[in-house]
Amino acid sequence: MKAMLIRGGRVVDPSQNLDDILDILIQDGKVAKCGKQLKDSQAEIIDAKGKLVTPGLVDIHVHLRDPGLEYKEDIGSGTLSAVAGGFTSIACMPNTKPVNDNHTITRYILEKAAKEGHCRVFPIASITKGLSGESLSELGELREAGCYGASDDGKPVGNSEMMRRAMEYARPFGMTIISHAEDLSLVGSGVMNEGPVSTELGLKGIPWVAEDAATARDIMLAELTGCHLHVAHVSTKGSVELIRQAKRRGAPVTCEATPHHFTLTDEAVRGYNTNAKMNPPLRSEEDRLAICQGLADGTIDAIATDHAPHHIDEKNVEFNIAMNGVVGLETALPLTLKLVQDRVIDLNRAIELLTCGPSEALGLPVGGLQVGGDADLTIIDLDRKWTVAASQLNSKSKNTPFDGWAMQGAAVCTIVAGEIVYKLD
Amino acid sequence: MAFQHKHILGIESLSREDIELILNTGDAFKEINGRDIKKVPTLRGKTIINAFFEASTRTRLSFEIAGKRLSADTVNISGSTSSVVKGETLEDTAKNIEAMAPDIIVIRHGHSGAPHYLAERLETCSVVNAGDGAHEHPSQALLDLMTMREHKGRIEGLEVAIVGDITHSRVARSNIYALSKMGARVRLAGPGTMLPPGIERLGNVEVCANLLDAIKDADVVMMLRIQLERQSQTLLPSLREYARFYGLNTENIKLAKEDAIVMHPGPMNRGVEISTYVADGIQNVILDQVANGVAVRMALLYLVSGVESMQTQ
C-alpha cells in the first residue's frame, strides 16, 4: 500500500489535546508520523492547507437495516452515506430482520461490511432475544463476535428486573448497555411531543416525563449494578439534568444527543411534516436549549445521528401512520459545525463530540490519531457552503427534515485505514 | 369581497372577513331550505364527492343535502366501502377520485391533517374538511356561529362556555379559533384528563377549574359529546361521576345568563353531558344548529366552487 502524506492541515485530535498545523504520514494503513515539515518522497501528497484534519468521525447510533430491510438501506449504501458525511466508524443498531441477537447475525454484518462496506462497522447486540424484552440475548458470544454494546433500540426494556439482570450480566463482559429510555405506558399512542403544538395540530402527544422516568430508572440500575449505561438520543431537559446529577455522583453513565434534537423543535411538525416525525420526538425550545447546554458543559458525551432510513412510501402518508425516524449521516457534521458558528461550543469540543466522545462511550478502539494506530481521518473544509438536496443523498432513503437547508462545512476527504474512501472535488 | 380560498381546511386559516362572508352567505341560503321546492341551480354540473373515512351520519347527510339543494351531483364514499380497506394509500385513493374530475372533495378522516395532506397533493379539486382527527371541524364551528348570531344578534363580546373532552375535540378547536377571531370569549371546562396543554394559546381562551366557573353568566353553553368508547381508557372513572361534575342540568344551567342558549354538536348522550330536561328545554337551540348546518355548508360549497367570482366577472 502506497504511503500518504497529508500536508499542512490544522490537525485537531481532542483525544490527545492536539490542535496544531501538522503533517501526517500514513504507512501501511497506520499513522506513522505526525509532526512539522514531514518528508517522504514515495508518498502520495494530499494538500490539506486551510483544511481541518481530524480523526475519522464516529457515529454510534445508525440503523443500517441490513439484514432484512434492505429496501430502506443496506450495508453498502449506509456506509457510503457515512463516509460522505465524514464518518469512518459507525455502530449499527440490532433492530434488523432477523434481530442481531446472536453471533451468527453479527458475523453476517461484519463479513458483509468487510466486503461491501466503505467504513468500519461495529454491530450492536440486542439486549433481549428478538427485542422481546423477555429473555437475555447471548451477550457473551455477541461480545466475542464483536459487539461492544447492547441495546433494544426502538423499544425500551420495559421490565425493570430484565434491565437489571442485563446490566449485571453484561458488566463482566465489558459491554455497554444502551438505553432507549421511554416509559411506554406514558407514551401511549402519542406521535409527537406533547405541548402547545400537539394541542394545536390535534395530534396525540408524548410527554417529556415518558423519557425522564425511564432515564431515572436506568441511571439507578446502573448505580446498583456498576454496569456502564449509555443513554441514547437524549431529548428532554429533564434527562439532561438527571444525567448531569448522576455524573456528579460518579455514576457510570454516558449519553448522546442527535443533530435533529439540538437543531429543531416540535414547531417543525407544523404542516404535518412526516420528516419531522421521530422517536424520541422533536421537543420544545426549552429542551433544545438544555441539550445545547449539555453538549457545552460535558454532560452529553457524544453526537450520534440515529440515522433511520425509511422508504418514501412509509413517509408519504398521514402523520399518524408515518414511520418514526430521519436519515442523518450526511447532515450531522455541518449541523454540529453550526453549533460552533453559533458559539454554542468551540471547534475542539465539536470534534470531540464526533470522535473520541462517542468512541469512548461505547469503548470502541477508534476515534484518535495516535502514532501507530489505524489511519482513519477526515479532512474537513469549514468554509465550504452547500445546500442539502434530499434526492442527492447517498443513503437509499431520503427522509431528511433538512432538505433545502443551506449548510457551511463539509467532509472533503474521508480516509479509512490509509485508503481514501470518499473524496469531494 | 370575493372569497379567496380554494380549500376549507380549518378555521385557523380564515380571516374574520372570510367568516363573516360565509355566515352572510349561509343566511342568504337559509331561505331556500324553507321553500316548497328546495333547489337552486347554482352548482349545476358540479360534482361533489363526500369522502367519509370515519363514521358520520349527521355531517355527511348535511353536506349531501347542501350539495343537492345547490343542484350539484353528490356521491358518497365511506371508509368501509372504499379501497382503503384494500390497503390503498390515501394519496392513491384521492388521485383516483380526482381522475374522475370532481370539483370538490369533502373529507372526514380520523387522522389529523388528512385534508391538508390531500390539498397538497390534489391539483384541481377543492378540499373541504368535514372533520380531521382531533384537529378541526370548520363547518361545525361555522354553523355554531351562525346559530349564535341568529339568537344573540352578534358574536362580538359573547361569553361562550365549552365543556367536556377538549383534548379529543375538533369542535372545540375550530370554535376557539372562530369565536376568538369574531371577538367572543371562550371559557373551557372539563376533567383534568381532557384539557390539553397550551389550549389557551389558540385564542381568547380561559381554562376554568370547573363547570360552574365556566357557565357562570355565560351567553352560550356548548356541551361536547363524551365518547362512550373511551371508557376503556384511563381518562374517566365513570359516566355517573362525569355527569355529576361535568353534566349540564336544570340546576347548574341557572348560573348562566337567563337568556343563555344551550348548544350541542351531537350526537347527545342524554343523562351524561346533558340532562334530558336541558336538552329539550326552552334554552336549547340544538336543532337550529342542525338546520343551520345545511345552510352554512351550502355557503361553503358555493364559495369554494368559484361560481361566485365567475358571476361577478
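## Legends to close-up views of a predicted two-chain model

**View 1. A salt bridge in chain A joins A:Asp66 and A:Lys112.** In this predicted model, the two side chains meet with an N to O distance of 2.7 Å. Over all chains, a search of the whole structure finds 41 salt bridges.

**View 2. A cis peptide bond runs from A:Lys97 to A:Pro98.** Its omega is near 0°. Where in chain A does A:Pro98 lie? A:Pro98 is in the loop between β7 (87–92) and α2 of chain A. As background, most peptide bonds are trans.

**View 3. A:Leu131 has a positive phi.** The value is near 55°, in a residue other than glycine. Most residues other than glycine have a negative phi. A:Leu131 is found in a loop of chain A, between β8 (120–123) and α3 (139–145).

**View 4. Chain A is shown with its secondary structure of 14 helices and 18 strands.** Taken along the principal axes, the C-alpha atoms of chain A fill a box of roughly 65 × 45 × 45 Å.

**View 5. A cis peptide bond in chain B runs from B:Gly266 to B:Pro267.** Here omega is near -10°. B:Pro267 lies in a loop, with β9 (261–263) on one side and α9 (276–279) of chain B on the other.

**View 6. Chain B is shown with its 11 helices and 9 strands.** The radius of gyration of chain B is 19 Å, close to the 20 Å from the globule rule for 313 residues, so chain B is as compact as a globular protein of that length. Its C-alpha atoms fill a box of roughly 55 × 45 × 35 Å along the principal axes. The average pLDDT of chain B is 93, and 94% of the residues score at least 70.

**View 7. Chain B and chain A touch through 24 residues from chain B and 15 residues from chain A.** Between them the chains bury about 1500 Å², and 53% of this area is on carbon and sulfur atoms. Which three residues supply more of the area that chain B buries against chain A than any other three? They are B:His111, B:Ser112 and B:Pro197, which supply 33% of that area. For the complex, the predictor gives an ipTM of 0.90 and a pTM of 0.93.

**View 8. Polar contacts cross the interface of chain B and chain A, in 9 residue pairs.** Both residues of each pair are at pLDDT 80 or more. How many salt bridges does the rule find across this interface? The rule finds 0 salt bridges there. On the side of chain B that touches chain A, the elements that give two or more residues are α3 (90–99), α4 (114–121) and α6 (170–181) of chain B. Helix α4(B) gives the most, with 5 residues. By class, this side of chain B has 9 nonpolar, 8 polar and 7 charged residues.

Notes
Residues are numbered from 1 along each chain as its sequence is written. Chains are lettered from A and ligands numbered from 1 in the order in which they are written. Side-chain values use heavy atoms; hydrogens and water are left out. Contact means heavy atoms within 4.5 Å. Buried area is the accessible area (1.4 Å probe) that two parts lose on being put together, summed over both. A salt bridge is a side-chain nitrogen of Lys or Arg within 4 Å of a carboxyl oxygen of Asp or Glu. A polar contact is a pair of N or O atoms within 3.5 Å; within protein, one must be able to donate a hydrogen and the other to accept it, and residues adjacent in sequence count only if both atoms are side-chain atoms. Helices (H or I, at least four residues) and strands (E, at least two) are DSSP runs, numbered from the N terminus. Ala, Val, Leu, Ile, Met, Phe, Trp, Tyr, Cys and Pro count as nonpolar, Asp, Glu, Lys and Arg as charged, and the others, Gly among them, as polar. pLDDT is the predictor's confidence in each residue, from 0 to 100. The radius of gyration is taken over C-alpha atoms; the globule rule is 2.2 Å times the number of residues to the power 0.38.
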